[in-house]
Amino acid sequence: MFHKIMVPIDLAHANKLTKAVEAAAGLAAQHNAPIVFVAVTASTPGPLAHNPDEFAKRLDDFAQQQATKYGISAEARTVVTHDPAVDLNNHLIRAIKDTGADVVVMASHIPNVADHIWPSHGGTIATHTNASVFLVREQ
């Protein structure tokens, strides 16, 4: 049913993505589909890496750890942009098209007042792509 699964990853909060990664790994195993972990970063130094190459290495390490842990096929895709906070949705939408993902599994937070004003990442992706979008809450 699914051919490629995309999982957006925020490496700064990887410990809060356990349920989403487990859900994606379950789908990957069930459908014999590879996972592509996608992360968006800035070209400037940040708390996780000094440069985009170092960040890409960390993301690749994360993807390979998940592949080994769950016995699935996984790869990493790093997207570099000037302002990840502003450009995140556009780059994730482009990554869905570029990777050929037909399903996206994303971690989500408990809705709050701000969600009535600003659109969610998952909602934006669902309305701008043909991919199915699964939102997984950690709590």
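Predicted model: local features only at pLDDT ≥ 70, side-chain atom pairs only at ≥ 80, totals over all residues.
1. A word on conventions: local features need pLDDT of at least 70, side-chain atom pairs count only at pLDDT 80 or more, and totals for chains, interfaces and linings use all residues. Residues are numbered from 1 along each chain as its sequence is written, and side-chain values use heavy atoms, with hydrogens and water left out.

2. The chain has 4 helices and 5 strands, in the order β-α-β-α-β-α-β-α-β from the N terminus. These elements are DSSP runs (helices: H or I, at least four residues; strands: E, at least two), numbered from the N terminus.

3. Of the chain's 139 residues, 39% are buried, where buried means under 20% relative accessible area and exposed over 50%, with partly exposed in between (1.4 Å probe, protein chains only).

4. Helix 2 covers residues 52-70. Its 19 residues reach 27 Å from first to last C-alpha, close to the 27 Å expected at 1.5 Å a residue (1.5 Å times one less than the number of residues).

5. Which residues of helix 2 are buried? They are Phe-55, Leu-59, Phe-62, Ala-63, Gln-66 and Ala-67. They cover an arc of only 135° around the axis, which puts them on the same side of helix 2; the arc is that of the directions from the helix axis to the C-beta atoms. Their cover includes helix 1 (18-31), strand 2 (35-42) and strand 3 (74-81).

6. Asp-53, Gln-65 and Thr-68 are exposed, on the face of helix 2 turned away from its buried side.

7. Now the ends: Asn-51 caps the N-terminal end of helix 2, with a side-chain oxygen 3.1 Å from the backbone nitrogen of Asp-53. Just after the helix, Gly-71 has a positive phi of about 65°.

Terms used
Contact = heavy atoms within 4.5 Å. Polar contact = N/O pair within 3.5 Å; in protein donor to acceptor, adjacent residues only side chain to side chain.
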